[in-house]
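These are my notebook entries on one structure. I looked up the charged pairs and then the surroundings of the ligands.

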Amino acid sequence: MPDFPIPPQRYPIMTRFLHWIVAVMVIATIPIGVIMLQDGLSRPTQDLLFILHKNGGVLIFLLVIMRLAWRAAAPAPAMPSTMPDWQARAAKLVQGTLYALLIVMAVSGYVRVRAGGFPVEALDALGLPDFVPRSEALAERAQSIHATARFPLAALIVLHIGAAMKHLIARDGVFGHIWPPVGR
Ligand code: HEM
Ligand code: HEM
């Protein structure tokens, strides 16, 4: 028996499952956010897109928090020994920043909506109180953070997917850290 812990070969099932749910939701939420602001949409279509975007964004926030809690409790798989140190550090930096930006997006979206006096239907249905005061100035500040943070978020997603594709093609085992989403 070795007297040191052996790093697992992949993330635990809960982490992998949440990674792919959040990935699909984020990849859908960004275009929905852009499309819902376009001129010429019918009122019912625009309302539906806003409802999907706001409530989906809140769900992403909750899943990211769960994901981080799970991540703190379970060790991450080790990078292959052939991977240069700077690449392993860059991967961790990109992944950490991705999660930070998701939290910034969800919180700024929530503040923009609540401070502007608008509903977040799922939270209202649960009877949750407003966590931010009504304030046009606050709503505007949050709106500008929300509109700006989407650019680094989109850029890092492209970088992250590009790196994942490189690992998939290289068959170095890194893609298998997070795939398949379910099963052993
Ligand atoms: C847009 C949504 C996405 C976000 C926010 C995201 C975020 C993350 C994060 C934070 C990790 C690190 C896991 C951890 O440290 O707990 C990770 C791992 C990973 N992701 Fe994504 N991801 C997204 C989409 C994708 C897609 C579409 C792919 C594949 C095409 C992918 C492939 C991978 C791979 C291979 C790993 C494992 C890398 C490693 O072991 O360090 N991700 N992702
Ligand atoms: C991770 C989650 C989220 C992502 C990736 C995201 C992304 C986006 C994007 C790309 C836009 C278009 C911005 C523009 O063209 O100016 C947008 C707009 C918007 N989002 Fe989000 N969003 C998220 C969460 C939320 C949440 C949780 C809420 C509210 C509860 C929300 C409310 C809004 C609103 C109201 C707009 C329109 C802003 C305006 O008035 O111009 N978003 N979002």
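**Entry 1: E121 and K54**

I looked up E121 and found that it forms a salt bridge with K54, the closest N and O atoms being 3.2 Å apart. I counted a salt bridge when a side-chain nitrogen of Lys or Arg lies within 4 Å of a carboxyl oxygen of Asp or Glu. E121 lies in helix α4 (residues 121-125) and K54 in helix α2, so the pair ties together parts that are 67 residues apart in sequence. Helices here are DSSP runs of H or I with at least four residues, strands are runs of E with at least two, and both are numbered from the N terminus.

I then checked how open the two residues are. E121 is partly exposed at 27% relative accessibility, whereas K54 is buried with a relative accessible area of 15%. Buried means under 20% relative accessible area, exposed means over 50%, and partly exposed is in between (1.4 Å probe, protein chains only).

I noted the ground rules before going on. This is a predicted model, in which local features need pLDDT of at least 70 and side-chain atom pairs count only at pLDDT 80 or more, while totals for chains, interfaces and linings use all residues. Residues are numbered from 1 along each chain as its sequence is written, chains are lettered from A and ligands numbered from 1 in the order in which they are written, and side-chain values use heavy atoms, with hydrogens and water left out.

**Entry 2: the other salt bridges**

How many salt bridges does a search of the whole structure find? I found five.

R43 forms one with D47, and their closest N and O atoms are 3.2 Å apart. Both residues lie in helix α2, four residues apart, which is about one turn of the helix. R43 is exposed at 60% relative accessible area, and D47 is partly exposed at 34%.

D85 forms another with R89, with 3.3 Å between the closest N and O atoms. This pair lies in helix α3, again four residues apart, about one turn of the helix. I found D85 exposed at 55% and R89 exposed at 56%.

I also wrote down a network of salt bridges that links R114, D124 and D130.

**Entry 3: the iron atom of ligand 2**

Which protein donors does the iron atom of ligand 2 have? I found H53 (NE2) and H146 (NE2), lying 1.9 to 2.0 Å from the iron. H53 lies in helix α2 and H146 in helix α5, so the pair ties together parts that are 93 residues apart in sequence. Donors are N, O and S atoms within 2.8 Å of the metal (3.2 Å for Na, K and Ca), and water is not among the atoms, so sites may look incomplete.

Why is the arrangement octahedral? The six donor atoms around the iron subtend angles of 85 to 179°, which makes it so. Six donors count as octahedral if opposite donors are over 155 degrees apart and all others between 65 and 115.

I checked the two histidines for accessibility. H53 is buried at 14%, and H146 is partly exposed at 22%.

**Entry 4: the shell around ligand 2**

I listed 25 residues around ligand 2, of which H53, R112, Q143, H146 and R150 come nearest. A residue is counted if one of its heavy atoms lies within 4 Å of the ligand. Helices α1 (13-35), α2 (43-73), α3 (85-115) and α5 (136-170) each supply at least two residues of this shell. The most come from α3, with seven residues. By class I noted 15 nonpolar, seven polar and three charged residues. Ala, Val, Leu, Ile, Met, Phe, Trp, Tyr, Cys and Pro count as nonpolar, Asp, Glu, Lys and Arg as charged, and the others, Gly among them, as polar.

A polar side-chain atom of Q143 lies 2.8 Å from an oxygen atom of ligand 2. For R150, an N or O atom of the side chain is 3.2 Å from an oxygen atom of the ligand.

**Entry 5: ligand 1**

I found 22 residues surrounding ligand 1, the closest being H19, R67, Y99, H160 and H177. The shell divides into 15 nonpolar, four polar and three charged residues. Side-chain polar atoms of H19 come within 2.8 Å of a nitrogen atom of ligand 1. The side chain of H160 has an N or O atom 2.8 Å from a nitrogen atom of the ligand. The elements that give two or more residues to this shell are α1, α2, α3 and α5.

Key. A polar contact is a pair of N or O atoms within 3.5 Å; within protein, one must be able to donate a hydrogen and the other to accept it, and residues adjacent in sequence count only if both atoms are side-chain atoms. Four donors count as tetrahedral if all angles lie between 85 and 135 degrees; four count as square planar and six as octahedral if opposite donors are over 155 degrees apart and all others between 65 and 115; anything else is irregular.
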